[in-house]
Amino acid sequence: MTTNRAGRLDEFGTTIFAEMSALALQTGSINLGQGFPDTDGPPFVLDAAIAAIREGRGNQYPPGAGIPELRRAVCSHQHANYGLEFDAETEVLITVGATEGIAASILGHTAPGDEVITFEPYYDSYAASIALGGAIRRVVTLRPQDGRWTFDPDELRAAVTSKSRLILLNTPHNPTGTVFTRLELQLVADLAREHDLLIVSDEVYEHLVFDGRQHIPIATLPGMAERTITISSAGKTFSVTGWKVGWVCAPPKLLGPVRAVKQFLTYVGSGPFQYAIADGLAAPPAFYRELATSLAARRDIFTNGLLELGYQVMIPQATYFATIDVGAEAEKWCRALPEQVGVVAIPSRVFYDSDIDRYVRFAFCKKEEVLREALSRLAGPQLQVST
């Protein structure tokens, strides 16, 4: 029996997140690698999940598209926050986290040989989802400029070819923490309309935006609602990353192929948690403001501490993550860090197609005392990580 046939995922091994989290356990390190909070979500959401389980709601298969209560709650959320109108019956699909929504969207809308344009550094599942569909990824590099990360419009235009099918967009952006401006989004939208491209927009960090900035869904731009698949999830907003409740919003003609793929990935999932998130999405605006304010305070503690230690820090505008520039050999730097210092970070090299190995991503979505202890370890005399 032949066992060495090349597969579409041969270039992908164990994810860096699993690898570094295992290293954190082995070394007793503070894990600032994987992006999950070290506190549970708000009590009213946790209590709603417990009640759903005890009352037998969602313990068996929920409807394939998701429970009606959550689909209606997603519609209300999109309208209240962005003025977007969706029909709960035909334009909303509940998925097992945003990752499944992204995979199903790419698989449902690309054929082998199609090209998918995305921005690097990118969340690692993007590359795997594109490869699973037999599509080809073309990347546009985000680079630091004037204190934030942005792209060259000419590079974006050059990435479009006759084989381009869709643009995979992520704002607020992981791992850089940048929030795309209206002008940047307009450049993307103009290209999409000119070349008849779809947009798959990953917006899971939509409520984790700092310093008075505003997240702008690309679907709100003129002419974009009909060509945009918008994806988000509950994990980051409600600090319940293990629940894996996501959603996809799109016009029926775009949602149909996504739904067709999703049913053969997980079919359904997260039953009782769907009821809890339906309740969570009814939270008042103050909840989202307090969430962002609390996270911004921890960002400031951690990034100011890194600056005081002499690190070159790119201050994030959103998300869970801060990036430092260590100059070179960032992957080597990260692999040595747990053993020598007792802190885990992620080398951003794994988020690039380009040969860029100078950036390190830290997750600051942790308790204040954990962040301060991590800074203390990074400041210690035992730090001898050469680059």
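Which residue forms a salt bridge with Arg143, and how far apart are the closest N and O atoms?

I looked this up in a predicted model. The partner of Arg143 is Glu155, and the closest N and O atoms are 3.1 Å apart. I then checked where the two residues sit.

Next entry: helix α6. I found a salt bridge between the side chains of Asp154 and Arg157, with an N to O distance of 2.8 Å. Both residues lie in helix α6, three residues apart, which is about one turn of the helix. Asp154 has a relative accessible area of 52% and is exposed. I put Arg157 down as partly exposed, at 42%.

Next entry: Arg349. I found that Arg349 forms a salt bridge with Asp357, the closest N and O atoms being 3.4 Å apart. Arg349 is partly exposed, with a relative accessible area of 34%. Asp357 has 16% relative accessibility; I recorded Asp357 as buried because the cut-off for that class is under 20%.

Last entry: the total. I noted 21 salt bridges in the structure.

How values were computed
Residues numbered from 1 in each chain as written. Predicted model: local features only at pLDDT ≥ 70, side-chain atom pairs only at ≥ 80, totals over all residues. Heavy atoms only, no water. Salt bridge = Lys/Arg side-chain N within 4 Å of Asp/Glu carboxyl O. Helix = DSSP H or I, 4+ residues; strand = E, 2+ residues; numbered from the N terminus. Buried < 20%, exposed > 50% of the residue type's maximum accessible area, 1.4 Å probe, protein only.
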